[in-house]
Amino acid sequence: MHDDKDLIDRCLQNSPTAQKELYERFAARMYGISLRYAGQTLEADDILQEGFIRVFQKLNQFRFTGTLEGWLRKIFINTAITLAKREMKFSRREEFSTNNQPPGVDLDGLSKLSQKEILGLIQGLPVGYRTVFNLYVIEGYTHAEIGQMLKISENTSKSQLYAAKRSLRMKLTELGNDNGKEHR
Amino acid sequence: MTTEKNIDNIPRFRELFRDFEADPPPQSWDVIRSRLAGRTRDKKTPWLLNTMVEMFQPMNRLYPALTVLGVVLIALVIWLGIGPSNNIKGQALIDNTELARGTAFLFRVRDRAIPYDSVRFFGKLDLDSIGRFEFGRVPSGLYLLRIQVHPKSQFSKHYNHGYYGDQIHPDSATLVRTGNPVESYVVRVPKMVSE
């Protein structure tokens, strides 16, 4: 924590060395977050750059009540959401239609896939599904919280999650079939 | 009751991606650094300018609306800048001698039928050493031009003022119409008639 304070103080004095040090310390993990929320690598690059700009802009607001990494994480998730919301406006309306079927999708096939393959599956989801999936499944937010963050209803959040899982299952099935054909 | 474990392998996703790391592109830091350097430079510029620049950043939700507004405002400024404007220039004389000390007044005539009763003051200028004057950026229209002799002028004993058309009374003055930029209006101040 003491190291963090020193690093933040130096960053607040606009020290390029300190800024680079902070970047190097967190870039890999924040790029991991960016990749999950982005549909393409270029979008992930945008989130990474915009996220760090926001971090340096708002660094004086960090109150040392939690970890620096946790604070950065929130900023990167918010940055990703901002970009996602913009993309959602231009996406197809069907993405936001509600679906009342209960979730119950078995994704056990995941254990057979590599991390890179699963990341590819997540990135392949439409932006609305992908954002809700990340927020609920990986970050652990509730549907009520997601609703507030994305300015959608709780039910829409649930249906987006359901649709995301259904889409993932279909992709897993396709992958399984493809692998099966290769083995034959 | 369902738990996270039996729904959709959520713990597996969390385990895989909660601390997921990936190497960012090598050029990312350079881009961030140059943008940060730009922002530091911005701090030296006035607050209002900084705020305006900030509002036009692509991350800002007002970006599209403000961009359109900005374009409209720029177009308006350009239109006003190149819009019609005129110069009214001339020289004040007294008996063919340049009036070195005096003031030129320009009044806009609103109603041609009652020119004197409808005038509105537009501007005034001190005459130069050879009696010349020039009003710039004058909107198109009709004007009344008056020359006032300075009280300390050598001519002030017998001359007080005159209107274009060499008249002492405004209702008999000749009105000046804009649109002839090369013309120079010569005003000969009439001598006061002693009673």
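Q: Which residue of β9(B) does B:Gln91 stand opposite?
A: In this predicted model, B:Gln91 stands opposite B:Val186 in β9(B).

Q: What makes β1(B) and β9(B) a pair of strands?
A: Two strands pair if DSSP finds at least two bridges between them, and β1(B) and strand β9 (residues 184-188) of chain B have five bridges, so they count as paired, in the parallel sense.

Q: How do you know that β1(B) also pairs with β5(B), and in which sense do they run?
A: Strand β1 (residues 86-94) of chain B is joined to strand β5 (residues 132-138) of chain B by five bridges, and at least two are needed, so these strands are paired as well. They run antiparallel, and B:Gly90 has B:Phe133 as its bridge partner in β5(B).

Q: Why is α6(A) called largely enclosed by the rest of the structure?
A: A residue is buried if 20 or more other C-beta atoms lie within 10 Å of its own, and 12 of the 13 residues of α6(A) are buried, so the helix is largely enclosed. Among them are A:Val127, A:Tyr129, A:Arg130, A:Phe133 and A:Ile138. A:Gly140, whose phi is positive, near 90°, follows α6(A).

Q: Which helices of chain A supply at least two residues each to the side that touches chain B, and which gives the most?
A: The contact takes 31 residues from chain A and 26 residues from chain B. On the side of chain A, α2 (16-37), α3 (41-58), α5 (115-123) and α6 (127-139) each supply at least two residues, and α2(A) gives the most, with 11 residues. The residues of this side of chain A divide into 17 nonpolar, seven polar and seven charged.

Q: Why should residues 1-7 of chain B not be read in detail?
A: Over residues 1-7 of chain B, pLDDT stays under 50, on a scale from 0 to 100. Where pLDDT is low, the predicted coordinates should not be read in detail. Chain B averages a pLDDT of 80, and 78% of the residues score at least 70.

Technical notes:
Residues are numbered from 1 along each chain as its sequence is written. Chains are lettered from A and ligands numbered from 1 in the order in which they are written. This is a predicted model: local features need pLDDT of at least 70, side-chain atom pairs count only at pLDDT 80 or more; totals for chains, interfaces and linings use all residues. Two residues are in contact if their C-beta atoms, placed from the backbone, lie within 7 Å. Helices (H or I, at least four residues) and strands (E, at least two) are DSSP runs, numbered from the N terminus. Ala, Val, Leu, Ile, Met, Phe, Trp, Tyr, Cys and Pro count as nonpolar, Asp, Glu, Lys and Arg as charged, and the others, Gly among them, as polar. pLDDT is the predictor's confidence in each residue, from 0 to 100.
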